[in-house]
Amino acid sequence: MNTNLNIICEDFSYIKGFLKNEAGIVIDEDKLYLVESRLSPILKNEGLQSFKELVIKLRLERFGDFHQKVIEAMTTNETSFFRDFHPFEAFKNIITNEILNEKNFERSFKVWSAACSTGQEAYSIAIILNEMKEIFKQWEIKITASDISKEMIDRASRGIYNQLEVNRGLNDYYLNKYFKFNNHGWAVNENLNSMVQFTRINLVGYWPEMPVQDIIFLRHVLIYFDIPTRREILNKIKKVLKPGGYLILGVGETTNNIDDSFDGVHIGKTICYKLKK
Ligand SMILES: C[S@@+](CC[C@H](N)C(=O)[O-])C[C@H]1O[C@@H](n2cnc3c(N)ncnc32)[C@H](O)[C@@H]1O
């Protein structure tokens with residue numbers, strides 16, 4: 001019993017280090033059970049006898065699908081349409097108007113959902129902008145959505161949701177206007193789907209070159225990282241977000257005491273972080 005526990009503790013330390021290095025994800029010391037329960041299905045599927053074997057495979061093999069699977073199993077993908085409501089109200093009622101005024105000449109609007117999970121955040125943004133399509137007529141609108149997880153990106157770009165998922169945040173009007181029920185579930189319509197480009201980006205790794213963004217949604221992901229990693233990511237965000245552009249964080253997330261290049265601005269019932277000019 002003790003021997004087993006020791007082995008698991010050693011392996012736990014390795015897995016913790018691996019997740020921190022590769023994805024920035026910090027696993028607390030008391031989360032051994034979480035690692036066990038999330039990674040057990042991988043042991044089974046890969047025919048591995050123990051966590052020791054899993055760790056050996058992680059150590060010895062070149063980074064590839066197996067490593068990616070371990071990372072994906074340890075991410076938390078909780079999300080919903082119009083999650084927390086108020087940030088999307090701020091986006092719809094205030095931020096889009098600012099963009100309309102500021103960029104009326106250039107007529108381009110770029111939004112990035114930077115940890116999009118199964119895509120509900122990106123489609124919520126697309127719905128808002130589609131509802132304003134008369135106002136944004138002749139504008140180039142580009143919504144990029146990314147996540148570290150290939151599985152999440154595949155699901156998000158397919159855009160098919162079960163009843164429970166559409167019940168969370170979508171009203172009947174949007175559901176009937178933008179989704180169609182088929183054998184697989186509620187499928188997002190082609191128009192909305194085509195408004196979003198999905199791609200894999202690891203926030204703690206290399207970022208592909210991207211155009212300067214007007215707004216970045218970076219919601220409910222910084223919480224999984226330690227302060228130096230958050231600082232590093234905010235530093236990279238500053239290079240991609242236009243001066244005066246908004247960073248929209250999740251509930252309980254802030255740039256305060258991490259990076260003072262952002263001003264917290266109250267918009268309605270939420271706080272958005274505006275990159276200082
Ligand atoms: C809790 S979900 C948040 C989804 C959405 N932004 C929201 O607020 O509803 C967190 C997402 O962050 C992703 N994630 C975790 N670590 C990441 C990293 N290093 N790079 C990019 N995405 C990451 C996970 O795969 C997961 O889909």
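Strand 4 is joined to strand 5 (residues 185-188) by 4 bridges, and the two run antiparallel, strands being DSSP runs of E of at least two residues and helices runs of H or I of at least four, both numbered from the N terminus. Within this pairing, G185 of strand 5 is the bridge partner of N182. The model is a predicted one, in which local features need pLDDT of at least 70 and side-chain atom pairs count only at pLDDT 80 or more, whereas totals for chains, interfaces and linings use all residues. Residues are numbered from 1 along each chain as its sequence is written. The open sheet comprises 3 strands in the order 3-5-4, with antiparallel pairing (two strands pair if DSSP finds at least two bridges between them). Strand 3 (160-161) and strand 4 (179-182) each have a single partner strand and stand at the edges, so one side of each lacks a neighbour in the sheet.

The largest nonpolar core contains 59 residues, with A122, A126, I216, L218 and L247 making the most contacts inside it; such a core is a set of buried Ala, Val, Leu, Ile, Met, Phe, Trp, Tyr and Cys residues joined through C-beta atoms within 7 Å, where buried denotes 20 or more other C-beta atoms within 10 Å of the residue's own, with C-beta atoms placed from the backbone. Helix 6 (residues 120-131) supplies the largest share of this core, 6 residues, and at least three residues are drawn from each of domain 1 (2-74) and domain 2 (86-275), the bounds coming from an automatic or database domain assignment.

The shell around the ligand likewise draws at least three residues from each of these two domains.

Technical notes: A residue is buried if 20 or more other C-beta atoms lie within 10 Å of its own, exposed if 12 or fewer, and partly exposed in between; C-beta atoms are placed from the backbone.
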